[in-house]
Amino acid sequence: QETLWSAEDSLNELEALARTAGAEVVGKMLQHLRHPDPATYLGKGKVQELAALEQELGFELVIFDDELSPSQQRNLEKALNARVIDRTTLILDIFAQHARTREGRLQVELAQLEYRLPRLSGRGIELSQQAGGSLGAAGVGGAIGVRGPGETRLEIDRRRIRNRLAELRRELEEVREQRTLHRRQRAALTMPVVAVVGYTNAGKSTLFNALSQADVLVENKLFATLDPTTRRVVLPGNQEVLLTDTVGFIQRLPTRLVAAFRATLEEVVDADVLLEVVDVSHENAIEQSETVNEVLRELEAHEKPRVTALNKIDLLPDPDRVDPSLYPNAVVVSALRGWGLEALREKLAQVVAEQMVPLQVLVP
Ligand code: GDP
């Protein structure tokens, strides 16, 4: 999966993620090194270059596309006079901003603490709640390691985090039981479930809205939807389905985050049909779709019947160049302009109906 992506692609995605988190990106930098420097990740020259840039531009935050060790992070912050975070912290921060349901919030906090616990240094850390809006809630700053008391503080912090983790897991268990109950009730309705999946920013929320006229938050940002939202939709032929919107997939979503969001993705596992949204105007459309498939495979949901909405066709100068035969049951649409939605609804109805064929009993 990762080999499909160049470092530039990854950096571009990081930039989009940073924007989603509310940052204004003033520059990007790539360094080719055989091994990261153990002390500062970047080589000495690059650190100096960045420090000079900081003098010039006065940026407040540097985001690394890789995971940093706690000491690398600390050293870099000192050298650069700016806050330093890594990709995982950024993604967690975005999740925190967008978590809306109780389950979503519990999951995000759990993932944040699980990520932080082994990385705690003696500097003390606040048990930060999901500070909406703040980039990288990691306890940066604060008291810088006074050694003796620092160790005591570290022990306390670790214990507090472990206690909180246990509490969170218990609460999540409760919420999940509730969810199973809801699912059973819903299953009793025997309404087929269609889950909208796709790469982040592909247009899932927009399409979900267009198909269900639901009032779901739509943003020109990644991760506009974190918690699944479900609406009843009537398809042609009076076929009723439950349409459910899911969290966007991204490249290199750390596995530990996938695990933390399992309950969100359980909607996908339970679905009868998947509606994949692909942004065909994106230069990496194929790779993005591959990433989605990767995640679906992990969930053992990749063999479910699927309809593909080839979205944002309005942005293509030459829409005829799009080859629908590359994707299963593909329909070309513009969710924003409402193009192709009737054809999509027809296709969905057809695929759903195929799923619902009653078993024929052959009597010899
Ligand atoms: P999600 O992250 O997959 O839920 O994506 P959103 O539905 O939030 O859409 C991301 C951005 O793409 C928003 O700015 C939408 O307005 C835009 N968008 C969605 N569908 C279309 C489309 O068909 N055409 C164009 N031009 N933009 C679209």
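**View 1. Phe-64 pairs with Asp-86 of strand S2.** The bridge partner of Phe-64 in S2 is Asp-86. The chain runs from S1 through helix H3 (residues 70–80) to S2, and this β-α-β crossover is right-handed. Right-handed has a set meaning: with the strands pointing away from the viewer, the path from the first strand over the helix to the second runs clockwise. Strands S1 (residues 61–64) and S2 (residues 83–86) run parallel and are joined by four bridges. Two strands pair if DSSP finds at least two bridges between them. Helices (H or I, at least four residues) and strands (E, at least two) are DSSP runs, numbered from the N terminus.

This is a predicted model, in which local features need pLDDT of at least 70, side-chain atom pairs count only at pLDDT 80 or more, and totals for chains, interfaces and linings use all residues. Residues are numbered from 1 along each chain as its sequence is written, and side-chain values use heavy atoms, leaving out hydrogens and water.

**View 2. Helix H2 has its buried residues on one face.** H2 covers residues 44–57. Its 14 residues should span 20 Å at 1.5 Å a residue, and its end C-alpha atoms are 20 Å apart, which agrees. The expected span is 1.5 Å times one less than the number of residues. Lys-46, Val-47, Leu-50 and Glu-54 are the buried residues of H2. Seen down the helix axis, they fall within an arc of 100 degrees, so they line one face. That arc is taken from the directions from the helix axis to the C-beta atoms. An α-helix has 3.6 residues a turn, so residues three or four places apart point the same way. Buried means under 20% relative accessible area, exposed over 50%, and partly exposed in between (1.4 Å probe, protein chains only).

**View 3. The two sides of H2, and what follows the helix.** The buried residues of H2 pack against H3. Turned away from that buried side are the exposed residues Lys-44, Gln-48, Gln-55 and Glu-56. Just after H2, Gly-58 takes a positive phi of about 65 degrees.

**View 4. Asp-279 sits in strand S6 (residues 273–279).** Asp-279 counts as buried because its relative accessibility is 6%. Its side chain makes a polar contact of 2.6 Å with the side chain of Ser-281. A polar contact is a pair of N or O atoms within 3.5 Å; within protein, one must be able to donate a hydrogen and the other to accept it, and residues adjacent in sequence count only if both atoms are side-chain atoms. Beyond its neighbours within four places in sequence, Asp-279 is in contact (heavy atoms within 4.5 Å) with Asn-201, Ala-202, Ala-285, Asn-311 and Lys-312.
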